[in-house]
Amino acid sequence: MSRLIKKLLPHIVLMAYLLVILFPFLFVIFSSVKKDNNSIALNPFGIPKTFEFGNYVEAWVNAKISTYFFNSMYISILSAVVSILIASMFAFAITRMRHHKISAILGAVILVGMLIPNNALMLPIYLLVKKLGILNTHKALIIPYIANALPFSVIILSAFMKSLPSEIEEAAVMDGLNAQGIFARIIIPLTVPAMVTVFIVNFLGNWNEFLLANYFLSDDAKRTLPVGMVQFRDQYQMNYAQMSAGIVYSVVPVIVLYAILQEKIIEGVTAGSVKG
Amino acid sequence: MNKALKNPMLYIVLILPCLILFGMFFLYPIFSAIRYSFTSWNGVSATPKFIGLDNFTKALTEERFWLAARNNGFFILFSVGIQVPLIIFFSLLIANVKKLKGLYKTAVFLPSIMSTAVIGILWGFIYEPNIGLLNSILKVFGIEPLYWLADEKYAMISILLTNAWQWTGFYIVMVLAAILSIPRELDEAAAIDGASGMQRAFSITLPLIKPIISVVIMLSIAGAMKAADIVIVMTKGGPAGSTDVMATYMIKYAITNFKYGYGNAIAVLIFIFTLILTALYQLLVARRSERIEY
């Protein structure tokens, strides 16, 4: 008997913790199919008697979720891909090319970037973006997002490239391949696994970014999903059922991605923070 | 051999894009922040006026700045004092169960990959006084509705709870990975010698995961110093500035009130405070727990 309790007790405690994590999501899903605030108040915890899917239609239209969704998607993917491209060029140069002294210095300089609290740099970046004349365009997010992801991407990619055996290039040079060829045809294909990790981390960071997106864009049609959601909340604060539908829209893509790639995501996100 | 991989032109072409962006978005902003922190400037007019250390003396004597700094302090205290023990407790639990390990790990990690803005909205709904989840639960026990985010007494703790809800699982997964990488023989040997589960946790596992706990604390400090979006989304620093942190205080001054020079002085102060805290932590605590080998 006591053995059984000893075995079950950890599970009971952990299940309680899971409930705390997951119940808010359930609460939002249930609320999103309720008719209005009143029916949420009358039956806060349970599944509603009648399902009201109209909230989803209205949230999609009223909150312009489709616009924000598309903006977020293309800004996040584009920035993540360009960061990886630039970072892998840099990582290749400092790990595989024969300029070791300069490379060591450059690597250390980029590492310092990981230690800088980037929120504190928001004002100078705001000014810079304004000077470049790209304030209130998507470039005002894309370029800083590319830059912000560089230190992390360089660190992970160069650690990976460093671990590749040098015999590879020796063989390639024998076969008459030049440095560009080694980079494009040999090192890049071999680095793909690390790139996937880096892509996921960069993509999630961009997808969730709020501060720059909130202050650097003022046109409603250009907003990204997190900012659009906050604005939607401020406008339709009285209608919680519809707002819940909006939350579901913005959370579902991340959950789907997580369901498919959870191992990669956990590995990538935690690696990033430890290295930082 | 060496010739192909020496090609200096190619080297420059490869490193230049990264260096340019790094210079523009990391180095330049630091120097720019330092430079403007000594000026009085609205961010628009042609010439910033040099005023020496006035911005800093103003910030350091302003009550609202210290209120904001204190709230950053609450973030640190809450994560180190309350979250870290919970993180250790739950990761030990998950490491020692045989079944459902994967489920627990996956579920607790989930909130940390979500947008802080959306989580702020979600919790704003939970804290809603009339129909929110929390007051609905309290009502079951006959407790009057509380105004979580609108009452100065509860607003800060409400934000801290939301922040903990989002990030605890993330750190649990990190610590769990460290626990699972400890060779099993150590634990088994101790068990054969008759050590109880509790004893093994305290005298074997805990000392061995000290380095990762140290990393968690460092990350918590860094995270606490840059906290901003959760506050903006949930309370906008209110009620009456009681939940402002340094970063939101900075944004309020610089972007909303056009005090660009003063805002940059706050940015520099955030830097300095972060440096001091990390240096202190490294000197006082982390030094003692050097590398561990099995």
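**Stop 1: a threonine in a helix**

Select B:T274, which sits in helix α13 (residues 260-284) of chain B; helices here are DSSP runs of H or I, at least four residues, strands are runs of E, at least two, and both are numbered from the N terminus. Before going on: this is a predicted model, where local features need pLDDT of at least 70, side-chain atom pairs count only at pLDDT 80 or more, and totals for chains, interfaces and linings use all residues. Residues are numbered from 1 along each chain as its sequence is written, chains are lettered from A and ligands numbered from 1 in the order in which they are written, and side-chain values use heavy atoms, with hydrogens and water left out.

Is B:T274 buried or exposed? It is buried, with a relative accessible area of 12% (buried means under 20%, exposed over 50%, partly exposed in between, with a 1.4 Å probe and protein chains only). Show its side chain: a polar atom there lies 2.6 Å from the backbone oxygen of B:I270.

**Stop 2: the annotated stretches**

Colour residues 201-225 and 262-284 of chain B, which are among those that an unreviewed UniProt entry lists as "transmembrane region"; such annotations may be inferred rather than shown by experiment. Residues 201-225 are 96% helix and 0% strand, with end C-alpha atoms 32 Å apart. For residues 262-284 the figures are 100% helix, 0% strand and 33 Å.

**Stop 3: a serine in a loop**

Next, pick B:S37, in the loop between α1 (8-36) and β1 (39-40) of chain B. B:S37 is buried at 1% relative accessible area. A polar atom of its side chain lies 2.6 Å from the backbone oxygen of B:I34.

**Stop 4: rings**

Select B:Y36 and B:W41. Their ring centres are 4.7 Å apart and their planes at 20 degrees, so this pair is stacked (Phe, Tyr and Trp rings, the six-membered one for Trp, pair if their centres lie within 6.5 Å; under 30 degrees is stacked, over 60 edge-to-face, the rest tilted). B:Y36 is buried at 6%, and B:W41 is buried at 11%.

Finish with a cluster linked by ring pairs: A:F25, B:W123, B:Y127, B:W148, B:Y154 and B:W165.

Terms used. Polar contact = N/O pair within 3.5 Å; in protein donor to acceptor, adjacent residues only side chain to side chain.
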